[in-house]
Amino acid sequence: MATDEIVDAKRFSKSESSPRIGRVPTPTGYPGLGDINSYLIFPADDSDELILIDTGINSEEAWESLKQGLATVNYQVEDITKILLTHGHNDHCGQAKHIRDTANCEVWAHENLHLTIDRFNPTPEQRELEKYFYARWGVEQEAMERAFARRFKNVNSFEPVEIDRFLKDGELVEIPGFNLRTIHTPGHCPDEVVYWQEQEKIFFSGDHLLPNITPVTLAQIPTSKEAVRPASLIQYQNSLSKVEPYDIRVTYPSHGGPILDHVSLINSYRASTDRRLLKINNILEKGGVMNPMEIGKVLFPRAWKEQLVPVMSEILGHCDILREGGHVAEEISNGIVQYQYISTPTHLIPAPERVAEAFSSH
Ligand SMILES: [Zn+2]
């Protein structure tokens with residue numbers, strides 16, 4: 001599905017994809033995540049427009065790596081004329097301001113960018129709202145404080161930047177000889193986009209498609225206590241279906257090497273979602289009425305303490321699917337969300353049991 005190519009700064013060849021494209025990896029500083037790939041679109045012969053897709057975090061190491069990577073392909077930061085963001089996570093936009101100030105370039109991003117960026121530096125009201133919802137999901141105060149403290153430790157890896165243009169789904173980014181189509185793919189976060197180069201059949205997938213790991217679909221905090229929480233995992237599944245039909249030759253992800261078969265990758269994501277749906281369904285069948293945190297502690301007995309946000313995102317996301325399918329009931333009791341088992345989705349029941357069940361119902 002993906003190549004084993006070592007990820008270094010380079011200009012791609014015509015046989016790999018297109019000599020109009022280059023890649024510059026920079027360190028994220030996150031253990032287990034490694035580098036983030038920024039991609040370059042080199043100027044056409046009669047143009048000086050140098051595009052950078054995503055920037056890396058705001059750190060001295062990332063800045064040095066960016067400069068060195070650009071030098072490898074005979075450019076410097078000052079040559080960049082435009083930054084396109086795939087989404088507002090700090091490894092994608094952290095040093096956008098530093099680059100914008102240095103190169104006097106523009107920064108373009110999806111119009112939902114603020115929904116992701118606001119979480120780095122929430123207002124007191126947004127912080128209260130977040131606490132309200134975590135409490136509603138059954139998370140104890142102490143676990144909540146720990147998770148928030150961890151997030152704010154990384155606050156310096158992002159510097160707020162002015163956005164010159166907000167993009168909408170379907171909008172064309174005109175680049176001489178290399179136009180990119182913006183495709184909104186919410187799920188991993190509400191502002192995620194992928195960029196599609198139709199003539200060369202190339203995708204820049206951000207964190208929407210990643211080799212080796214299934215992207216986390218982060219739980220979104222509603223904009224008010226009364227608002228409905230967006231179902232991130234359902235959005236993500238819809239976004240996978242949106243990109244699946246594209247006749248893609250090469251997909252360039254933000255982490256790891258190029259993806260050569262995006263359809264197999266998407267199917268592997270679906271299989272892993274199904275496995276997790278079955279596990280959660282089984283936990284609820286045995287456990288009776290449970291809140292999201294209680295399910296999280298059973299499914300991730302160790303990880304929930306250190307990885308509260310992704311754990312809660314996984315539980316809520318999968319419970320949304322089970323609830324939408326009528327397989328679990330959701331109600332609020334004493335201000336806390338409670339799930340209860342109703343049935344197991346037929347396609348999740350292992351084949352021999354399905355046969356036995358069909359016989360027993362006659
Ligand atoms: Zn991301």
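Which residue is the bridge partner of Gly 206 in S12? The bridge partner of Gly 206 there is Pro 253.

Let me state the basis for what follows. This is a predicted model, in which local features need pLDDT of at least 70, side-chain atom pairs count only at pLDDT 80 or more, and totals for chains, interfaces and linings use all residues. Residues are numbered from 1 along each chain as its sequence is written.

I turn to the chain as a whole. Its secondary structure comes to twelve helices and 14 strands; helices (H or I, at least four residues) and strands (E, at least two) are DSSP runs, numbered from the N terminus. The C-alpha trace spans about 70 × 50 × 35 Å along its principal axes. Of the 362 residues, 42% count as buried, meaning that 20 or more other C-beta atoms, placed from the backbone, lie within 10 Å of the residue's own.

The sheet with which I opened is an open one of five strands, in the order S8-S9-S10-S11-S12, with mixed pairing. Two strands pair if DSSP finds at least two bridges between them. Strands S8 (172–173) and S12 (250–253) are the edges, each pairing on one side only. S8 and S9 (residues 180–184) pair in the antiparallel sense over two bridges, and Leu 172 stands opposite Arg 181 in S9. These two strands, S8 and S9, form a hairpin with six residues between them, and Gly 177 in the turn has a positive phi of about 70°. S9 also pairs with S10 (residues 193–197), antiparallel and over four bridges; Arg 181 has Trp 196 as its bridge partner in S10. By contrast, S11 (residues 202–206) and S12 run parallel, joined by four bridges.

Finally, I come to a pair of helices. H8 (residues 262–287) and H11 (residues 308–324) pack at an angle of about 85°, with their axes 10 Å apart. Axes are lines fitted to C-alpha atoms, for helices over the stretch in contact, and angles run from 0 to 180 degrees between N-to-C directions. The two helices, H8 and H11, are therefore roughly perpendicular to each other, a term that covers 65 to 115 degrees. Residues in this contact include Arg 276 and Leu 277 of H8, and Glu 314 and His 318 of H11; contact requires C-beta atoms, placed from the backbone, within 7 Å.

Technical notes. Angles under 35 degrees count as roughly parallel, over 145 as roughly antiparallel, 65 to 115 as roughly perpendicular and the rest as oblique. Two residues are in contact if their C-beta atoms, placed from the backbone, lie within 7 Å. A residue is buried if 20 or more other C-beta atoms lie within 10 Å of its own, exposed if 12 or fewer, and partly exposed in between; C-beta atoms are placed from the backbone.
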